[in-house]
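Me: I've got a fold here that I'd like to talk through. Can you take my questions one at a time?

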Amino acid sequence: MERINQAGSESEAKLYVASGAIGGFDLMRAVRFGGLGDAEIHTTKNPHSLNGAPYLDGKELPEHQEQLVFKGSSREAIAGFPKNVNVAVSMALATLGVDETRVKISSCPGLEINIHDIRLNGDFGTIEIKVAVKPSEKNAKSSTLAAWSVLALLEKMSQTIML
């Protein structure tokens, strides 16, 4: 992040981050001004989409029971699950940062959607956001919504009125 910020300052370039499969970045950024104390995302996916992640070290997740697979920071989550939890880093950038944003990852056999439960707590109160979307037919580790978010960002960049 420091290298990106430095390069951006020197070149006046901007790095735009798409919301991926979650959304609500405007709300997440806003609550930072209202005393955001905790930010957590709990992602639940089918074990097939999680298998092969470096964190699992070659172990296959069970096909017969739900399991909490990971609990830690956003930085740790993306290192262990680089193809699965880009939303954890995006959320961290919008909220408390990669070391303070907490992440849980669960495996749920038979699950046909990816679920992202977001919880923000602070002086302002509590915000809960739940996103449940189908995985991409071409890449079960992600969702088509993630690709659509890139299109929405590009559209926003070209508009006079930005929502």
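Reply: Helices (H or I, at least four residues) and strands (E, at least two) are DSSP runs, numbered from the N terminus. This is a predicted model, where local features need pLDDT of at least 70, side-chain atom pairs count only at pLDDT 80 or more, and totals for chains, interfaces and linings use all residues. Residues are numbered from 1 along each chain as its sequence is written, and side-chain values use heavy atoms, with hydrogens and water left out.

Me: Over how many bridges do strand 4 and strand 5 pair?
Reply: These two strands form a hairpin, with 2 residues between them. Strand 4 and strand 5 run antiparallel, and the number of bridges is 9.

Me: Which residue stands opposite histidine 42 in strand 4?
Reply: Strand 1 (residues 36–45) pairs with strand 4 (residues 114–122) in the antiparallel sense, over 8 bridges. Glutamate 40 stands opposite arginine 119 in strand 4. For histidine 42, the residue opposite is aspartate 117.

Me: Is serine 73 buried or exposed?
Reply: Serine 73 lies in strand 2 and touches Val98, Asp99, Thr101, Arg102 and Val103, leaving aside residues up to four places away in sequence. Buried means under 20% relative accessible area, exposed over 50%, and partly exposed in between (1.4 Å probe, protein chains only). With a relative accessible area of 5%, serine 73 is buried.

Me: And how does arginine 102 count, at 37% relative accessibility?
Reply: Arginine 102 has its place in strand 3. Not counting residues up to four places away in sequence, it touches Ala39, Glu40, Ile41, Gly72 and Ser73. At 37% relative accessibility, arginine 102 counts as partly exposed.

Me: What is phi of glutamate 12 near?
Reply: Most residues other than glycine have a negative phi. Glutamate 12 is in the loop between helix 1 (2–11) and helix 2 (25–31), and at 70% relative accessibility it counts as exposed. Its phi is positive, near 65°.

Me: What about phi of aspartate 57, which value is it near?
Reply: Aspartate 57 is in the loop between helix 3 (47–50) and strand 2. At 66% relative accessibility, aspartate 57 counts as exposed. Phi of aspartate 57 is again a positive value, near 50°.

Terms used. Two strands pair if DSSP finds at least two bridges between them. Contact means heavy atoms within 4.5 Å.
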